[in-house]
Amino acid sequence: MSVPVIAPGVISTPGSANPSVAYPAGVIPFAQRKFPKTICMFDVDGTLSLARQEATPAMVATLKKLREVTAIAFVGGSDLKKILEQVGSNGVNDFDFAFAENGLTAYKLGQQLASASFIKHVGEEEYKKLVNWILRYLSDVDIPVKRGTFIEFRNGMINVSPIGRNASIAERIEFEKYDKIHGIRASMVTELEREFIHLGLTFAIGGQISFDVFPHGWDKTYALKHLEGEGFDTIHFFGDKTFKGGNDYEIFSDPSVTGHTVENPDHTIRLLDELFLGFA
């Protein structure tokens, strides 16, 4: 996938007051939107689109209308390339804020912000021990199907999948059903937490087939750092994995956030109609 087109502008760093922004052509400034101090943030898988699938035209149209009345942002655990396959290749510019890898890769109005590195945080030696342990553990896990890419290294985390990220959509659906019965991911997370407690890591189950591993505090609340000083007094978050241990839990339950649990993308659209678009 090609690198996203970056819109011109002057962008402040997280936490700065009175940010100076040159809005891209056609983008309504925050102050001129119906709810100028409100931002809606969205998980991706299961919220904006079905897992690893493209957002529907209805979702795209809804978000376009919503952007006229509030600021909007996506915040996903996947890397930016995978998220853009779901929200559209121009997603960095179609959202006011774009947060991949929980905000460790971040954009504001098309401009990239500062990022952080998982590998630098834990160190190469500890990282190797973690990877070796995971691979040994997975070699003993007996599940109906195994595919490829069991560990995916990302800038701000690693993603672990017992079935492998190369599984087809049908295989993903079947594994999710199997995992709900047998607790494959939950059992593995329990063992990892015990083995690597000294690293201060969070293990968050998300999507259908995997879980994320990242330092404490590098969950989706990390994205909130980029909103400091932006003038928002109301932050709405929409996600499907809002239960404790799910990768939406921390941001959903953050005291600065109004959280909404959704069942699927259609439910997200209905909630947005009820909360905002009926007043547009």
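**Exercise 1.** Find how many cavities of 30 Å³ or more there are in this predicted model, and describe the lining of the largest cavity.

*Solution.* Begin with the count, which comes to 1 cavity of 30 Å³ or more, and then take the volume of the largest cavity, which is about 240 Å³. Next, look at the residues around this space: 24 residues line the largest cavity, and those closest to its centre are D45, S78, G206, G207 and N247. Sorting the lining by class gives 4 nonpolar, 10 polar and 10 charged residues. Finally, ask where the lining comes from: α2 (80-87) and β9 (210-215) each supply at least two of its residues, while domain 1 (30-104 + 219-277) and domain 2 (118-215) each contribute at least three.

**Exercise 2.** Describe the largest pocket by its volume, its lining residues and their classes.

*Solution.* The volume of the largest pocket is about 420 Å³. Its lining is made up of 20 residues, and K64, R67, N93, D94 and F95 are the ones that lie nearest the centre. When the elements are considered, α1 (57-66) and α3 (91-94) are each found to supply at least two lining residues, and α1 gives the most, with 4 residues. By class, the lining of this pocket divides into 13 nonpolar, 2 polar and 5 charged residues.

**Exercise 3.** Which helix gives the most to the lining of the second largest pocket, and which domains does that lining draw on?

*Solution.* The second largest pocket holds about 250 Å³ of space, and it is lined by 15 residues, with G46, L50, A51, E176 and Q208 closest to its centre. Helix α6 (residues 169-182) gives the most to this lining, with 3 residues. At least three lining residues come from each of domain 1 (30-104 + 219-277) and domain 2 (118-215), and the classes are represented by 5 nonpolar, 5 polar and 5 charged residues.

**Exercise 4.** Work out how helix α5 and helix α7 pack, and which residues make the contact.

*Solution.* Start with the geometry: helix α5 (residues 124-139) and helix α7 (residues 184-195) pack at an angle of about 145 degrees, with their axes 12 Å apart, and their crossing is right-handed. Then list the contact, to which α5 brings L130, W133, I134, Y137 and L138, and α7 brings S187, M188, E191, L192 and E195. Sorted by class, the residues of this contact are 7 nonpolar, 1 polar and 2 charged.

Conventions. Residues are numbered from 1 along each chain as its sequence is written. This is a predicted model: local features need pLDDT of at least 70, side-chain atom pairs count only at pLDDT 80 or more; totals for chains, interfaces and linings use all residues. Side-chain values use heavy atoms; hydrogens and water are left out. Axes are lines fitted to C-alpha atoms, for helices over the stretch in contact, and angles run from 0 to 180 degrees between N-to-C directions. A crossing is left-handed if the near helix is turned anticlockwise from the far one by less than a right angle, and right-handed if clockwise. Contact means heavy atoms within 4.5 Å. Ala, Val, Leu, Ile, Met, Phe, Trp, Tyr, Cys and Pro count as nonpolar, Asp, Glu, Lys and Arg as charged, and the others, Gly among them, as polar. On a 1 Å grid over the protein atoms alone, a cavity is a set of points where a 1.4 Å probe fits but cannot get out, and a pocket is an open set with protein on both sides within 12 Å along at least five of seven lines; lining residues have an atom within 4 Å of a point. Grid points are joined across faces, edges and corners, and a volume is the space filled by probe spheres set on the points. Domain bounds come from an automatic or database domain assignment.
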